[in-house]
Protein chains: 4
Amino acid sequence: MIRAGIVGATGYTALELILILLRHPQVEMTRLTSRVDDPTPVAAVHPVLRERLDLMVTRYDPEDFRQHVDVAFCCLPHAASSPVVRELADRGLRVIDFSADYRLDTLADFQAIYAAEHADPERLGNVPYGLPELFRNSIAEAKVVANPGCFPTSAILPLAPLVRDGMIETGDIVIDSKTGVSGGGRTPKAAFHFPECNESVAAYAVGTHRHGPEINQIVRRWSGIEIESVFVPHLIPMTRGILSTIYVHPAPNASADRIAECLADFYRESRFARITDSLPATRDVSGTNCCDIAIRPLGRRIAIISTIDNLVKGASGAAVQNMNVMFGIEETLAL
Amino acid sequence: MIRAGIVGATGYTALELILILLRHPQVEMTRLTSRVDDPTPVAAVHPVLRERLDLMVTRYDPEDFRQHVDVAFCCLPHAASSPVVRELADRGLRVIDFSADYRLDTLADFQAIYAAEHADPERLGNVPYGLPELFRNSIAEAKVVANPGCFPTSAILPLAPLVRDGMIETGDIVIDSKTGVSGGGRTPKAAFHFPECNESVAAYAVGTHRHGPEINQIVRRWSGIEIESVFVPHLIPMTRGILSTIYVHPAPNASADRIAECLADFYRESRFARITDSLPATRDVSGTNCCDIAIRPLGRRIAIISTIDNLVKGASGAAVQNMNVMFGIEETLAL
Amino acid sequence: MIRAGIVGATGYTALELILILLRHPQVEMTRLTSRVDDPTPVAAVHPVLRERLDLMVTRYDPEDFRQHVDVAFCCLPHAASSPVVRELADRGLRVIDFSADYRLDTLADFQAIYAAEHADPERLGNVPYGLPELFRNSIAEAKVVANPGCFPTSAILPLAPLVRDGMIETGDIVIDSKTGVSGGGRTPKAAFHFPECNESVAAYAVGTHRHGPEINQIVRRWSGIEIESVFVPHLIPMTRGILSTIYVHPAPNASADRIAECLADFYRESRFARITDSLPATRDVSGTNCCDIAIRPLGRRIAIISTIDNLVKGASGAAVQNMNVMFGIEETLAL
Amino acid sequence: MIRAGIVGATGYTALELILILLRHPQVEMTRLTSRVDDPTPVAAVHPVLRERLDLMVTRYDPEDFRQHVDVAFCCLPHAASSPVVRELADRGLRVIDFSADYRLDTLADFQAIYAAEHADPERLGNVPYGLPELFRNSIAEAKVVANPGCFPTSAILPLAPLVRDGMIETGDIVIDSKTGVSGGGRTPKAAFHFPECNESVAAYAVGTHRHGPEINQIVRRWSGIEIESVFVPHLIPMTRGILSTIYVHPAPNASADRIAECLADFYRESRFARITDSLPATRDVSGTNCCDIAIRPLGRRIAIISTIDNLVKGASGAAVQNMNVMFGIEETLAL
């Protein structure tokens with residue numbers, strides 16, 4: 001049995017992770033941590049776990065993890081994560097980091113975009129990006145994996161193969177994303193107050209969201225080709241799900257059909273990336289680790305519609321998928 | 001008092017129209033029609049009107065309208081509308097038509113896009129498009145006005161002045177719209193079944209929605225300049241509201257600030273078009289006749305975010321605004 | 001023109017009040033207050049008011065109110081309200097208080113239930129309860145009116161006449177209420193965080209909610225008859241609306257029909273209390289000042305179903321109705 | 001491997017059943033039926049199953065079932081179900097019936113309440129009610145099991161032990177239930193049209209819902225004690241979940257604490273019935289087979305709050321739990 005520990009176990013992604021690991025036949029959760037004063041039953045933090053997981057939430061202790069944990073899932077905010085990842089990785093644990101701390105290419109990129117210190121600059125740049133569909137081999141050999149951002153997952157999966165295969169123009173890509181509110185985390189804020197987001201839709205962080213550069217970097221890292229995209233996220237009144245509508249110019253002679261075929265070919269062996277004929281709805285990936293992608297002609301452009309469950313393929317499902325790859329288990333187990 | 005009649009009074013836009021007209025000090029509703037077998041109290045059709053409007057829904061009769069109605073609001077589907085509009089206009093009534101029958105330039109356009117017969121081809125082309133912000137003078141003199149489509153309203157208001165003033169490139173405009181479910185009408189359908197659209201978002205009619213050509217034609221009609229835009233609507237889990245995110249290339253030297261200024265100048269006297277500094281949410285136009293518009297830089301592009309209440313400025317509020325203009329009343333009355 | 005001021009103008013009930021007063025032909029809003037550091041445009045607090053109300057939110061000053069305000073709406077929390085009400089009433093203003101400070105019979109009741117100091121105990125007990133349907137004459141002569149609680153409005157309106165007329169047993173009344181989230185106010189809290197209340201329903205404050213005793217007291221105050229009811233509120237995933245299902249035993253010989261008739265008779269002249277044949281939905285009172293009530297037989301019991309918009313008849317609509325009565329204006333004006 | 005077939009595989013409960021069975025290590029789905037003209041991939045009916053279940057939906061054929069199915073889940077409407085159940089049971093299959101056809105005691109009861117023919121009156125009355133918490137032994141030996149109604153499950157689980165143990169008065173029980181919209185099925189209807197049920201709550205079938213008698217009968221069948229309850233369901237704007245608030249009079253000397261203890265004792269070994277200290281929300285049982293129950297004092301009454309996921313413990317989870325019991329598998333497997 002793989003012994004799993006979760007650092008930062010009180011949020012929505014941690015809960016989703018726990019629910020998936022409960023179904024995993026080769027994993028035993030041994031440690032859940034948070035900044036609690038006293039050990040607290042996990043069901044007091046997540047009532048849905050009543051009588052399903054009999055484990056205490058305790059304070060994080062790296063030595064305790066060294067003894068009782070094989071793989072640590074680190075669900076901390078950016079900048080708070082790298083110190084923990086470092087001390088766990090240095091102690092020999094496998095670590096899957098949910099934060100943005102290890103996703104970008106360089107320390108300079110991280111600091112430019114996140115305006116924060118980084119506690120582990122040497123490791124940054126040697127950590128694979130946790131999309132097994134693209135980086136499976138590196139992930140299989142990695143000690144630390146950077147779990148992808150939710151919006152980037154929905155955009156990179158369709159874009160990367162199309163860019164590499166020269167199917168689309170790289171210079172003018174528009175990514176319009178719609179997300180459920182759980183992506184904003186569990187801390188109450190005005191923007192996520194029910195009467196504020198119910199019956200309303202709004203754009204936010206237009207031109208400034210940190211997932212924009214992440215998309216561009218990872219597509220380039222994988223394909224070797226620079227792209228220029230713009231990214232606008234929108235908050236819509238639902239709990240989970242992301243739909244990204246991506247507007248691209250096809251390369252000369254690349255029809256919608258050929259583009260769909262290119263993706264279908266590339267993902268033929270990837271169970272979680274599904275190229276669909278009908279237009280996908282987030283409902284149809286809800287609770288699954290799938291990314292549904294459809295292609296449509298749109299005047300001289302092509303529309304790519306891509307859907308994920310932000311808490312599963314956009315966070316905790318991807319993390320378990322990465323764990324499976326890192327430990328040489330069947331990639332789809334428990335997913 | 002202006003005597004108002006509504007043809008097709010059972011839908012959501014008709015109800016919204018009734019609620020607005022109830023507040024209008026110079027209007028008396030005299031006729032509400034539907035394909036009822038027997039006269040039916042309007043409160044049986046719209047329970048919210050209990051004890052607020054004591055009027056029967058009856059079958060439509062043009063002669064009856066001629067005697068008792070000064071302005072007819074025609075809330076029928078496309079193709080069903082033009083025969084009614086014609087017989088009412090021929091009888092001397094003012095008519096505000098909610099359908100698409102009189103919005104496009106030519107019969108050929110109508111037939112190409114709607115694949116339907118048109119009962120009034122002579123009048124088509126001589127009917128102003130009911131956006132008083134752009135076509136106020138023609139509307140003031142018109143007998144028949146084509147009430148705009150909901151998506152087009154949200155897109156044309158920001159685009160038209162920018163195109164005319166050369167602030168944006170006209171060749172590559174992306175319009176990504178998000179709409180509440182009331183836009184789909186009151187007839188139950190699978191796509192609008194609560195468990196199907198709750199907790200889900202999906203694109204629909206990608207590249208084929210009929211409001212796409214309407215946007216392009218009306219911008220050209222008003223500005224004299226041809227544009228090329230693509231349009232993708234999305235259904236999101238709320239009842240009312242439209243947010244359109246419009247991705248444009250600024251003309252050389254046209255910054256986001258200059259573009260915002262251009263719109264603010266143009267709409268300085270238009271109370272319902274509001275250029276906002278903060279990013280608008282549909283909640284903040286809900287129940288109002290306003291269109292809130294914000295401008296943001298976005299890499300080499302500009303993002304235009306535009307919000308309306310699809311049932312008010314996107315339908316019935318616009319209709320009353322048009323009526324006010326047609327009858328020489330203060331344009332904002334009851335709105 | 002009546003000059004109106006609102007103390008505590010940033011919440012949802014204050015916004016609803018502003019929207020109603022904007023439609024009121026005999027009211028001019030002159031003062032809006034909050035604990036702002038500097039005067040702030042009201043549209044910055046409530047974006048929906050952009051270009052509709054050009055007024056600053058300022059700090060509250062009783063002398064300033066004395067000079068510029070005829071009627072003050074006090075939208076403060078309990079205990080914070082009575083000091084303000086006292087100093088405004090002592091300066092001769094009419095005051096409509098949204099808090100619970102003046103609703104109960106005695107200081108002892110207030111302190112027992114709210115466990116708080118009261119700054120105006122002399123006035124408490126001489127302030128009419130602001131349901132004009134029941135206390136119209138007292139309200140017409142009052143300087144200060146206690147605006148009712150939202151749940152109590154939905155329960156008292158049907159119960160009071162039935163208790164007085166001996167139509168129901170008074171000893172065993174069950175009130176099961178369902179409310180939208182706006183009733184919880186505008187301050188973000190975990191219970192009102194979108195992902196927590198979306199797709200979920202829960203009971204809260206079972207047996208301890210302060211509106212329980214308010215219901216019992218006001219029914220007794222009006223009818224002279226003691227009742228014993230239990231009250232359980234539930235939070236449901238919508239923004240506005242309250243539905244109360246009230247389970248009563250009919251008095252001997254009092255059928256459902258007779259009970260419905262009793263209410264219909266009593267409210268024949270009250271436009272806002274509507275006895276309906278069909279089962280009411282909160283949607284059908286949304287945005288209105290109405291309370292829709294239906295009666296159904298239920299085994300040996302009777303079910304009373306009562307619906308209001310918690311922000312209108314449950315708060316700000318009632319307040320304007322009270323103002324109309326206090327100033328001798330038509331009671332339904334602007335409502 | 002147990003070979004499972006589903007008759008009527010296109011609805012929401014069937015989909016939930018398929019999702020649970022996909023996780024079941026000892027079940028292989030072999031047949032899915034519907035009134036299709038031609039065999040149709042199940043993913044065309046339920047897009048969420050894309051690449052997860054490669055099975056065709058075909059027309060129902062009892063002989064085909066006899067050869068390829070060990071356990072049939074019959075998801076047909078009442079009256080349509082009994083002919084199918086009979087021919088499958090007569091062919092030796094185990095059958096779990098989702099309809100109401102076998103839930104009531106006698107043919108007379110069924111006909112009185114459902115006003116329909118019954119194709120299998122001999123078997124009716126010998127079929128255990130599928131709540132293993134109460135009827136485990138009968139279910140273990142049964143060929144046919146009547147899967148419980150969703151509302152009854154939420155009410156019977158807390159009521160039955162309390163009635164049997166004399167903890168509550170039996171003569172005056174009020175059951176106020178709130179349900180998500182998926183309980184209404186997948187067929188679009190006006191009542192379930194998104195703009196009609198979003199932002200609204202309403203009672204329905206007051207005093208006439210067929211689940212009322214089911215509750216009373218099953219409590220009596222299990223406890224031997226007649227009860228008299230009234231039942232009112234309410235439709236609230238969410239997809240899944242039921243919360244029932246049950247108002248009872250405690251027996252003399254039966255405090256809230258003793259009542260909670262009685263339930264906790266009775267369900268100590270039942271993993272799916274959880275007596276909770278905190279007030280349960282449907283969110284915390286969503287996607288689980290659990291029924292969370294809390295007890296609160298309420299004046300002279302006691303409030304019992306009970307929550308389930310209507311599609312899981314209220315339908316398909318219960319069905320799999322029943323199957324596990326019938327086949328001697330661990331009861332909680334896949335749940």
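This is a predicted model: local features need pLDDT of at least 70, side-chain atom pairs count only at pLDDT 80 or more; totals for chains, interfaces and linings use all residues.
How many salt bridges does the rule count over all chains? The count comes to 104 salt bridges over all chains.

**Chain A against chain B**

The contact between chain A and chain B takes 45 residues from chain A and 45 residues from chain B. Together the two chains bury about 3300 Å², with 59% of that area on carbon and sulfur atoms. Three residues of chain A, namely Glu199(A), Val201(A) and Arg283(A), supply 18% of the area that chain A buries against chain B, more than any other three residues.

Polar links also cross this interface. The rule finds 28 residue pairs in polar contact there, both residues being at pLDDT 80 or more. On the side of chain A that touches chain B, several elements of chain A each supply at least two residues, including strand E8 (173–179), helix H8 (194–197), strand E10 (229–235) and strand E14 (301–308). The residues of that side divide into 25 nonpolar, nine polar and 11 charged. Eight salt bridges are found across the interface of chain A and chain B.

**Chain A against chain D**

Here 17 residues of chain A are in contact with 18 residues of chain D. The area buried between chain A and chain D is about 1600 Å², of which 44% lies on carbon and sulfur atoms. Arg50(A), Glu51(A) and Arg274(A) supply 37% of what chain A buries against chain D, more than any other three residues.

Eight residue pairs are in polar contact across the interface of chain A and chain D, both residues being at pLDDT 80 or more. The side of chain A that touches chain D has three nonpolar, four polar and 10 charged residues. Two salt bridges are counted between chain A and chain D.

**Individual salt bridges**

Side chains of opposite charge can pair when their charged atoms come close.

| Residue pair | N to O distance |
|---|---|
| Arg50(D) and Asp292(A) | 2.3 Å |
| Glu228(B) and Arg300(A) | 2.7 Å |
| Asp172(A) and Arg301(A) | 3.3 Å |

What does the pair of Asp172(A) and Arg301(A) tie together? Asp172(A) lies in the loop between helix H7 (150–164) and E8 of chain A, while Arg301(A) is in strand E14 of chain A, so the pair links parts that are 129 residues apart in sequence.

**The sheet of chain B**

Chain B has an open sheet of seven strands in the order E3-E4-E2-E1-E5-E6-E7, with mixed pairing. Its edge strands are E3 (40–41) and E7 (144–146) of chain B, each of which pairs on one side only. Strand E1 (residues 2–7) and strand E2 (residues 27–33) of chain B pair in the parallel sense over six bridges. Within this pairing, Ile6(B) has Leu32(B) in E2(B) as its bridge partner. Helix H11 (residues 312–326) of chain B lies across E2, E5 (71–74), E6 (94–97) and E7 of chain B, and runs at about 155° to E6(B).

**The sheet of chain D**

In chain D, seven strands form an open sheet in the order E3-E4-E2-E1-E5-E6-E7, and the pairing is mixed. Strands E3 (40–41) and E7 (144–146) of chain D each have a single partner strand, so one side of each is left without a neighbour in the sheet. Strand E5 (residues 71–74) and strand E6 (residues 94–97) of chain D pair in the parallel sense over four bridges. Cys74(D) has Asp97(D) in E6(D) as its bridge partner. Helix H4 (residues 81–90) of chain D lies across E1 (2–7), E5, E6 and E7 of chain D, at about 165° to E6(D).

Conventions:
Residues are numbered from 1 along each chain as its sequence is written. Chains are lettered from A and ligands numbered from 1 in the order in which they are written. Side-chain values use heavy atoms; hydrogens and water are left out. Contact means heavy atoms within 4.5 Å. Buried area is the accessible area (1.4 Å probe) that two parts lose on being put together, summed over both. A salt bridge is a side-chain nitrogen of Lys or Arg within 4 Å of a carboxyl oxygen of Asp or Glu. A polar contact is a pair of N or O atoms within 3.5 Å; within protein, one must be able to donate a hydrogen and the other to accept it, and residues adjacent in sequence count only if both atoms are side-chain atoms. Ala, Val, Leu, Ile, Met, Phe, Trp, Tyr, Cys and Pro count as nonpolar, Asp, Glu, Lys and Arg as charged, and the others, Gly among them, as polar. Two strands pair if DSSP finds at least two bridges between them. Axes are lines fitted to C-alpha atoms, for helices over the stretch in contact, and angles run from 0 to 180 degrees between N-to-C directions.
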